[in-house]
Amino acid sequence: MKGIIELQIWQMIAAYVFVVVLLLVVRLKGIRREKEIFIATIRMTLQLILTGYVLVFLFENPSPVLTILFLLVMEVFAVFNIFKRVKLELSTKLKQIIALSMVIGTISCLLYFLLVVVRISPWYDPQYFIPIAGMLIGNSMTGISLGVTRLVDGMQTQKDLVEGALMLGATPKMASKRIVDNAFDSAILPSINSMVGMGIVFLPGMMTGQILSGVSPVTAIEYQIAIMLGIVGSVALTVIIFVHLGYKTFFNEQCQLITDQD
Amino acid sequence: MFLLKKVKYKHILDIQHLSIRENKITCIVGESGSGKTILLRLLNKLISCDSGEIYYKEQELSSIYSIDLRRKIVMLPQQAAIFPGNIRDNLLIGLKFAEQPIVHDSELQHTLKMVHLKNKLDDPSETLSGGEKQRLALGRIILMKPEVFLLDEPSSALDDETERIIIEQLVAYTKENQKSLIMVTHSRNIAQTYADDIIEIHNGTIAHFQEVSDERYH
Ligand SMILES: Nc1ncnc2c1ncn2[C@@H]1O[C@H](COP(=O)(O)OP(=O)(O)O)[C@@H](O)[C@H]1O
Ligand SMILES: [Mg+2]
């Protein structure tokens, strides 16, 4: 197998032609998006360069402390990203539960994946630990964002049905069951759909990357299958923890719906 | 049965003293916005008062587990809650929520007759009119056989004739089965005809308490 072609600086610059074309089209059409495109391109470039150097540093100085630190930084960014993505007001309690679900859900799946499935050694080997953590955290973040949106939105729009159930003696769990199930469903659906389309509709990024770098497609596919299963597990676990703790924040200890004014 | 002492809820309700009798029909009247719905919600413990005490059979509401209380003291909201599913599902859901055994179709049909609905059990429930939904929700709580019915304007979406029939059935059922009925109504006529006691609320306070039954029989 041959390795990958290293891109020279001028080759990199040549790739920016795509953005220049995009900018031209946008300008000709009079769509006022130049600034956003410009900023997005710059941000992507700078963020990736920075991450690249951090990764190089981590790979050259493998240490459990640095790996864990990097993992925590990823978790924190992911959690704040979720708060930003969900366009609804979130209570402090709910935010704490989001953070807790992300940490427990992703880290337990990550450890299982690295130590039982791939069996890396040492356990903190950054070359495996960090990219796989990134994929699990990134996908769980997307899933839980959808779940949070559905749960909060459902609790607001179906308030009358939830209260209607409470009036009949339902427990908070029964009263919110439909909304909780719906939130879970919509959170894991994208992961399930991407499993269905995988290999036919699109070639996943990780597999493409491995093939480009000269890994045999068979190995790349083995990894892709394993990571896809890991992603589904991590999304499901994260969202399950979230919805099962999250719905409770809408009720007080007297099993009453907490209204916004209070 | 119910006893309220110095009950305050936000700036909406301020009740110094109110007692509601067991096995009686109590009607609550008053203009819109006076706090009738809030009073029912307090009795169902959907909300708690900010100060004061509410007793049900000598026990303070705050010391009774909310879920147990609501299974004995069931409330019918003014806007009926209709859950996804057909009429059977909607009738049975009260029993399911209250973790009571499911009943046979024949009993469901009997209940439909009682609330004057001619639909089949398999009919969809979303297409019912407002009045029909209200009667379906009423049937649902009758099936639950609670100790106390809390009804918030149960006949507001009904025509006069249906209203009279339904209320008459309900009053008869309450008396026969030793239940208590507490009902908010906009109709003074209904209150005067069927109530044992009438509570009139004005601006969140008890404006008038009338024991009709005693007058009626003396
Ligand atoms: N959750 C609430 N928070 C604050 N005010 C409320 C709330 N619910 C109702 N109110 C107000 O309380 C008053 C009494 O309401 P309500 O009991 O529904 O009156 P009604 O006698 O028509 O049933 C009204 O002025 C209403 O606007
Ligand atoms: Mg009302």
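In the predicted model described here, B:Leu3 stands opposite B:Tyr55 of strand β4 in chain B. This is a predicted model in which local features need pLDDT of at least 70 and side-chain atom pairs count only at pLDDT 80 or more, while totals for chains, interfaces and linings use all residues; side-chain values use heavy atoms, with hydrogens and water left out. Residues are numbered from 1 along each chain as its sequence is written, and chains are lettered from A and ligands numbered from 1 in the order in which they are written.

Strands are DSSP runs of E with at least two residues, helices are runs of H or I with at least four, and both are numbered from the N terminus. Two strands are taken to pair if DSSP finds at least two bridges between them. Strand β1 (residues 2-9) of chain B also pairs with β2 (residues 13-20) of chain B, again antiparallel, over 7 bridges. Within this pairing, B:Lys5 lies opposite B:His17 of β2(B). The two strands form a hairpin with 3 residues between them, and B:Lys10 in the turn has a positive phi of about 45°.

An open sheet of chain B contains 6 strands in the order β6-β7-β8-β3-β9-β10, with mixed pairing. Its edges are β6 (73-76) and β10 (205-211) of chain B; each has a single partner strand, so one side of each is left without a neighbour in the sheet. From one strand to the next, the twist averages 15°. Axes are lines fitted to C-alpha atoms, for helices over the stretch in contact, and angles run from 0 to 180 degrees between N-to-C directions. Helix α6 (residues 160-176) of chain B packs on the sheet and touches β3 (25-29), β7 (148-152) and β8 (180-184) of chain B, where contact means heavy atoms within 4.5 Å. The direction of α6 in chain B makes about 150° with that of β8(B).

Both senses of pairing involve β9(B). Parallel to β9(B) runs β3(B), with 4 bridges between the two strands; B:Val29 has B:Glu200 as its bridge partner in β9(B). Strand β9 (residues 197-202) of chain B is joined to β10(B) by 6 bridges in the antiparallel sense, and B:His202 stands opposite B:Thr205 in β10(B). The hairpin of β9(B) and β10(B) has 2 residues between the strands, and B:Asn203 takes a positive phi near 55°.

Chain A comprises 11 helices and 0 strands. Its C-alpha trace spans about 70 × 55 × 35 Å along its principal axes.

The contact between the chains takes 19 residues from chain A and 28 residues from chain B. Chain A and chain B bury about 1900 Å² between them, 60% of it on carbon and sulfur atoms; buried area is the accessible area (1.4 Å probe) that two parts lose on being put together, summed over both. Across the interface there is 1 salt bridge, defined as a side-chain nitrogen of Lys or Arg within 4 Å of a carboxyl oxygen of Asp or Glu. It links the side chains of A:Glu163 and B:Arg41 (2.8 Å, N to O). On the side of chain A that touches chain B, the elements giving two or more residues are α7 (159-167) and α8 (172-175) of chain A. The largest share of that side, 7 residues, comes from α7(A).
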